[in-house]
Amino acid sequence: METIFCNQHINSNCESCKSQRQFIFRHLDTDQLRSLSNKIEEVHYNPGEVIFKQGTSPQGFICLKKGKVKITCLASNGNEQIIDLKSSPDTLGIRALSTGSRHKSCAIALDQVCICLIPKKTFHELLNSCPNMFRELLSYIGERLNRADQRLISLTQKPMKSRLADTLLFLQKNMGIDSDGYIDIPLKRSELSQLSNMTNSNVIRTLSEFKSKGLIKFKKRKIKIITSKTLSKISE
């Protein structure tokens with residue numbers, strides 16, 4: 001798959017965007033938002049399209065305005081490994097942008113995705129002119145590092161049942177739920193295996209056990225958590 005920054009770009013209106021009231025851009029005043037709208041580009045992706053590829057250079061700050069994205073990297077055997085899942089509002093590729101390095105992962109749209117691309121120069125100018133925005137971005141990066149540390153502990157030190165319970169709770173918290181209460185992302189068992197550091201057979205067996213105990217239920221590839229408290233105890 002190739003990167004699809006060649007998708008049609010359109011202008012975005014930052015002043016009326018809900019994301020700017022929920023993310024780091026809430027610290028910008030009206031004039032700053034209006035100026036940003038003249039420099040930002042909105043890009044849309046279909047499910048399965050690549051937003052950026054592993055090994056490419058960041059083109060700017062990517063604001064995930066709408067949709068869900070999986071972050072993957074290629075393992076030494078050439079297989080795709082899911083390392084994170086993101087839903088709006090959020091940002092993509094901030095590590096490469098902040099360190100001036102190439103992307104060490106790939107971002108792929110899971111559903112209809114809309115991003116806003118802010119050129120690097122414009123974004124750095126914003127950080128210099130708005131200390132509160134800079135501080136909140138640092139806080140965001142710190143929170144993500146803490147989350148990554150907790151995920152690493154889960155994947156390397158917890159038993160299998162705890163790892164899968166932790167993954168399901170992680171998905172519910174970060175992906176949200178649909179109108180019927182199911183985790184709002186359909187995942188293959190192989191993808192759950194990657195997120196939980198388990199084999200496919202162990203994931204299938206553990207899911208069946210959780211279902212038989214009334215902890216979860218299925219609707220095709222979606223999962224509904226029935227008893228979060230019990231799953232939390234298993235996770236711990």
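**View 1. Lys70 is buried, with a relative accessible area of 11%.** The model shown here is predicted. Glu191 also counts as buried, because its relative accessibility is 10% and the cut-off for that class is under 20%. The side chains of Lys70 and Glu191 meet in a salt bridge, with 3.6 Å from N to O. Lys70 belongs to strand E5 (residues 68–74) and Glu191 to helix H7 (residues 189–196), so this pair ties together parts that are 121 residues apart in sequence.

View 2. Asp31 is exposed, at 55% relative accessibility, whereas Arg34 is partly exposed, with a relative accessible area of 40%.

**View 3. A salt bridge joins Asp180 and Lys219.** The closest N and O atoms of this pair lie 3.1 Å apart. Asp180 sits in the loop between helix H6 (160–175) and H7, and Lys219 in strand E10 (residues 216–219); the pair links distant parts of the chain, 39 residues apart. Asp180 is partly exposed at 44% relative accessibility, and Lys219 is partly exposed at 33%.

**View 4. Lys68, Asp178, Asp184 and Lys222 make up one network.** These residues are joined by salt bridges that share partners. In total, the structure holds 14 salt bridges.

Note on methods. Residues numbered from 1 in each chain as written. Predicted model: local features only at pLDDT ≥ 70, side-chain atom pairs only at ≥ 80, totals over all residues. Heavy atoms only, no water. Salt bridge = Lys/Arg side-chain N within 4 Å of Asp/Glu carboxyl O. Buried < 20%, exposed > 50% of the residue type's maximum accessible area, 1.4 Å probe, protein only. Helix = DSSP H or I, 4+ residues; strand = E, 2+ residues; numbered from the N terminus.
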